[in-house]
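Here is a short note to read beside the model. Please keep the structure open as you go through the points.

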Amino acid sequence: MRWGDFRRSDNVDDRRGGGFGMPSGGGRGGLGLGAIVILGLVGWALGIDPRLLIGGAEMLTGGSSGYVTEQKSTTGTPKDQDGQFVAAVLGNTEDVWAKVLPEQTGKAYRDPGLVMFTGGTRSGCGIAQSAMGPFYCPLDQKVYLDVAFFEEMRTRFRAEGDFAYAYVIAHEVGHHVENLLGILPRVQQAQQQASSQAEANRLSVRVELMADCLAGVWAYHSNTGWNSLEPGDIEAALNAASAIGDDRLQQASQGRVVPDSFTHGTSAQRVRWFTRGFQTGKVASCDAFAQQQL
């Protein structure tokens, strides 16, 4: 991926390193009970499904330090390689969506923030931990990212490469686009009125697949505007999308697949929806709620 010429975003809040540790009950292998309780209480108090608050989070990734860390905060473009990459990808999503969203939907684009952290930090949606994976919080309109997740992608899921990592960021920015379009609040209300957990889960799947498709739309316009893609980049993104499908994660973690508990979509669905966005470059093609078959 050719990201060296991308404009670096100033909307990065770097909270990596320093600060103090606060035990949260977490640990390697998934969310701790404390984090689950906190997210549940926050969701209940605000009337928001916790899974929407952490839309895009891969809840099975593991890798938490077991601490929620309050860290020093530096706003602007980080100087290190990881920070430069994240700021470059975020900046390119800003440049793409600032043009594409109003042209295609008539909606103005407002840049989200992006918080880089280590281990854990506080977010507008409650405690953020590395074990959640990257996620978007609609309450403060920020993406939360511990770049250790990229190493987890490489070692655990065999999904690596700059474009695979950029796809993860673009997916979370896709949730921000959904929020600006008013989709996340409507889904929240529909989930509250759902007749079963399975029905609520199906709504969550549509939210996630739409974000995958919007990541594909970004990739299309990034390539046409900046010639950003190199051979193998799309394959890397598709491999990443496939690696974090619900069916594949469930089969690996529990030896069986339970479709009614899916919240993100199957590997095949995630690949298909990213491809749809990349092939069309159209936001309208990403309306997962208008499709009977996903």
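1. Asp212 touches Tyr167, His171, Arg270, Trp273 and Phe274, leaving aside residues up to four places away in sequence. Contact here means heavy atoms within 4.5 Å. One of these neighbours, Tyr167, makes a side-chain polar contact with the side chain of Asp212 at 2.7 Å. A polar contact is a pair of N or O atoms within 3.5 Å; within protein, one must be able to donate a hydrogen and the other to accept it, and residues adjacent in sequence count only if both atoms are side-chain atoms.

2. The model is predicted: local features need pLDDT of at least 70, side-chain atom pairs count only at pLDDT 80 or more, and totals for chains, interfaces and linings use all residues. Residues are numbered from 1 along each chain as its sequence is written, and side-chain values use heavy atoms, with hydrogens and water left out.

3. Asp212 lies in helix H7, residues 197-226. Helices (H or I, at least four residues) and strands (E, at least two) are DSSP runs, numbered from the N terminus. Asp212 counts as buried because its relative accessibility is 0%. Buried means under 20% relative accessible area, exposed over 50%, partly exposed in between (1.4 Å probe, protein chains only).

4. Two disulfides turn up in a search of the whole structure. The cut-off is a pair of cysteine sulfur atoms within 2.5 Å. Cys213 and Cys286 form one, with sulfurs 2.1 Å apart. Cys213 lies in helix H7 and Cys286 in the segment after helix H10 (267-280), so the pair ties together parts 73 residues apart in sequence.

5. Cys125 and Cys137 also form a disulfide, their sulfur atoms 2.1 Å apart. Both Cys125 and Cys137 are buried.
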